[in-house]
Number of protein chains: 2
Amino acid sequence: MNRFKPVRQPRVSEEVIEQLKHAFLVGHFKAGDKLPPERELANEFQVSRVAVREALRALESSGFIEIRQGATGGAYVTDLTFETLAGAFLDLFLAEKISVPELCHVRRLLEPEIARMAAARVTSDYSERLLEALEAEEIPARTLAEDFETKTNVHFLLAEMCGNRLLEALSKSLMGLTRRFVAAVQPDFQSMHPPGLHRPIVEAVMAGDGDAAAEAMRLHAEEFGQILMAMEKEFRQRPFPVVV
Amino acid sequence: MNRFKPVRQPRVSEEVIEQLKHAFLVGHFKAGDKLPPERELANEFQVSRVAVREALRALESSGFIEIRQGATGGAYVTDLTFETLAGAFLDLFLAEKISVPELCHVRRLLEPEIARMAAARVTSDYSERLLEALEAEEIPARTLAEDFETKTNVHFLLAEMCGNRLLEALSKSLMGLTRRFVAAVQPDFQSMHPPGLHRPIVEAVMAGDGDAAAEAMRLHAEEFGQILMAMEKEFRQRPFPVVV
DNA sequence: GAAAATTTAAAGGTCTAATATTTTTTGTCA
DNA sequence: TGACAAAAAATATTAGACCTTTAAATTTTC
């Protein structure tokens with residue numbers, strides 16, 4: 001079974017990280033609170049300022065705090081978001097530990113369920129926003145990035161509607177990978193994802209028909225996945241591959 | 001749409017991080033390679049050692065390198081793993097940004113598909129290991145942690161078999177959350193997950209019957225999810241809640 | 001008196017340099 | 001040859017000085 005792990009005596013900054021993290025998690029600090037200045041923390045923890053700074057940086061990069069410079073600056077506790085999760089996904093994708101087909105497969109799995117759940121929780125407010133997003137897709141975009149963002153909106157709305165924050169975070173993170181890939185490949189974006197592809201999905205969701213929404217999304221995910229994978233194939237054969 | 005983002009002039013260490021990360025991603029360093037010592041890097045980057053150290057720490061915590069002390073110590077490039085992803089999930093779970101029902105829902109979604117894919121890729125080697133894992137479940141465990149690990153093995157094997165690294169990583173990460181939750185609740189583990197629950201799944205996978213495997217897993221995930229959610233309900237009503 | 005410019009103070013950002021600790025290698029002596 | 005000690009190479013940590021940014025307080029100017 002598991003071999004032994006090498007014993008690593010913890011670093012000073014790690015102790016500090018642990019203590020601060022614990023304080024956040026048990027609620028000694030709430031979002032928006034300001035931690036004491038570095039010098040004071042160094043005093044309290046009885047370590048050097050460098051050690052405190054290392055800890056604060058680490059906590060910043062895992063999304064627990066935000067560090068601001070200047071007179072009213074300092075370390076402010078933030079509400080943990082799914083940003084770091086998305087960052088971890090991105091690193092893995094860039095390091096080619098996640099491939100486009102693998103990504104597509106998971107999205108085919110998640111997105112229909114998200115659509116189904118969204119249909120069960122649709123409100124008039126969301127309906128309106130879905131329609132707006134749909135209309136926005138019709139306006140020709142000037143850049144690839146803008147086009148991508150517009151086409152993404154329906155997916156993001158559905159993810160928010162679905163009521164499962166984990167699912168929402170996964171969907172958004174994976175969409176981020178997709179965006180990154182598309183940005184690297186620089187396809188002809190007018191033809192990649194013509195407007196209107198999302199209409200059947202939105203209609204089913206607005207009708208509250210979960211099964212239909214899931215099926216419409218399944219078809220869309222299938223189709224778009226094929227496009228992405230074809231893009232990847234073509235991309236690999238380019239004479240001068242673009243570095244991401 | 002999007003307003004402007006506030007301009008943040010990057011920190012010195014961030015520049016260093018970027019450059020090093022880029023070097024890893026384009027392959028200037030391979031896993032196992034050793035980076036130059038801190039002092040040399042500081043020289044090359046024309047920054048202080050402190051800045052280099054901050055960068056190295058950050059890269060360590062995102063899983064790109066491993067820092068060892070001592071004579072043959074230094075920063076060694078590692079093969080990026082899914083560890084940091086799991087860490088991000090864990091933080092979110094501990095900060096209550098992911099609930100147990102949400103977790104269960106996603107697992108109900110992923111696990112059956114994993115079982116289906118595993119069935120399509122089964123080999124005699126994996127069959128053997130699945131049976132071994134199944135037998136190991138029969139041996140009564142001494143601790144909750146040991147029990148959990150044993151019962152997890154079938155899931156881990158299936159995740160490895162499924163052939164999609166992203167799915168594998170998600171499954172394993174979410175299993176980590178489940179473990180954490182169970183460890184906090186400290187249920188009566190003999191009755192929580194009696195041995196043999198995985199047998200129908202393993203049998204279907206070994207028979208190469210994807211549909212049956214998915215269905216068996218669906219049933220299991222459903223059932224175990226109910227148990228977890230009941231555990232949570234009971235946990236919330238305890239007079240002296242245990243802090244994780 | 002109001003607006004503009006300047007000063008000040010608080011906080012993080014960075015650097016240098018010294019010392020401590022850890023770990024491996026090398027050397028020495030019984 | 002084996003045990004032990006010293007050396008060497010690296011990171012870990014500290015201390016303290018100085019820089020930069022930012023917002024608020026103050027002064028100046030019109």
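What share of the 244 residues of chain A counts as buried? I noted first that this is a predicted model, and then I looked up the figure, which is 36% of the residues of chain A.

**Chain A as a whole.** I counted 11 helices and 2 strands in chain A, and reading along the sequence I wrote down the pattern α-α-α-β-β-α-α-α-α-α-α-α-α. The radius of gyration came out at 22 Å, well over the 18 Å that the globule rule gives for 244 residues, so I recorded chain A as more spread out than a compact globule. Along the principal axes, the C-alpha atoms of chain A fill a box of roughly 60 × 50 × 50 Å. I also checked the contacts in chain A between residues at least 6 apart in sequence, and 70% of these join residues at least 24 apart.

**Helix H4 of chain A.** I then turned to H4(A), which has 12 residues and spans 16 Å from its first C-alpha to its last, close to the 16 Å expected at 1.5 Å a residue. Its buried residues are A:Thr84, A:Leu85, A:Ala88, A:Phe89, A:Asp91, A:Leu92, A:Phe93 and A:Leu94. I looked for what covers them and found that the cover includes H8 of chain A together with H1 and H4 of chain B. After H4(A) comes A:Glu96, for which I noted a positive phi, near 60°.

**A:Phe93.** Why is A:Phe93 counted as buried? I found 23 other C-beta atoms within 10 Å of A:Phe93, and the cut-off for buried is 20 or more. Setting aside the neighbours within four places in sequence, I listed A:Ile98, A:Leu177 and A:Arg180 as the contacts of A:Phe93. I also took the separation of A:Phe93 and A:Leu174, which are 81 residues apart in sequence and 9.8 Å apart in space, C-alpha to C-alpha.

**The two chains.** For the pair, I found 32 residues of chain A in contact with 32 residues of chain B. On the side of chain A that touches chain B, the elements giving two or more residues are helices H3 (49-61), H4 (83-94), H5 (100-120) and H8 (165-185), and by class that side has 20 nonpolar, 5 polar and 7 charged residues. I superposed chain A on chain B with a rotation of 180° and 0.0 Å of shift along the axis, at an RMSD of 0.1 Å, and I noted this as the relation of a two-fold axis. The same surface serves both copies, as 100% of the contact residues of chain A recur in chain B.

**The DNA strands.** Around DNA strand C I listed 24 residues, of which the closest are A:Pro37, B:Val12, B:Ser48, B:Gly70 and B:Ala71. H2 (38-45) and E2 (74-77) of chain A, with H1 (12-25) and H3 (49-61) of chain B, each supply at least two residues of that surface, and H3(B) gives the most, with 3 residues. I sorted the residues near DNA strand C into 9 nonpolar, 10 polar and 5 charged.

Around DNA strand D I listed 23 residues, and A:Val12, A:Val50, A:Gly70, A:Ala71 and B:Pro37 come nearest. Here H1 and H3 of chain A, with H2 and E2 of chain B, each supply at least two residues, and I sorted the surface near DNA strand D into 9 nonpolar, 10 polar and 4 charged residues.

Methods. Residues numbered from 1 in each chain as written. Chains lettered and ligands numbered in written order. Predicted model: local features only at pLDDT ≥ 70, side-chain atom pairs only at ≥ 80, totals over all residues. Near = placed C-beta within 6 Å. Helix = DSSP H or I, 4+ residues; strand = E, 2+ residues; numbered from the N terminus. Nonpolar A, V, L, I, M, F, W, Y, C, P; charged D, E, K, R; others polar. Contact = placed C-beta atoms within 7 Å. Least-squares fit on C-alpha atoms with pLDDT ≥ 70 in both. Rg over C-alpha atoms; globule rule 2.2 N^0.38 Å. Buried ≥ 20, exposed ≤ 12 C-beta atoms within 10 Å, placed from the backbone. Expected span 1.5 Å × (residues − 1).
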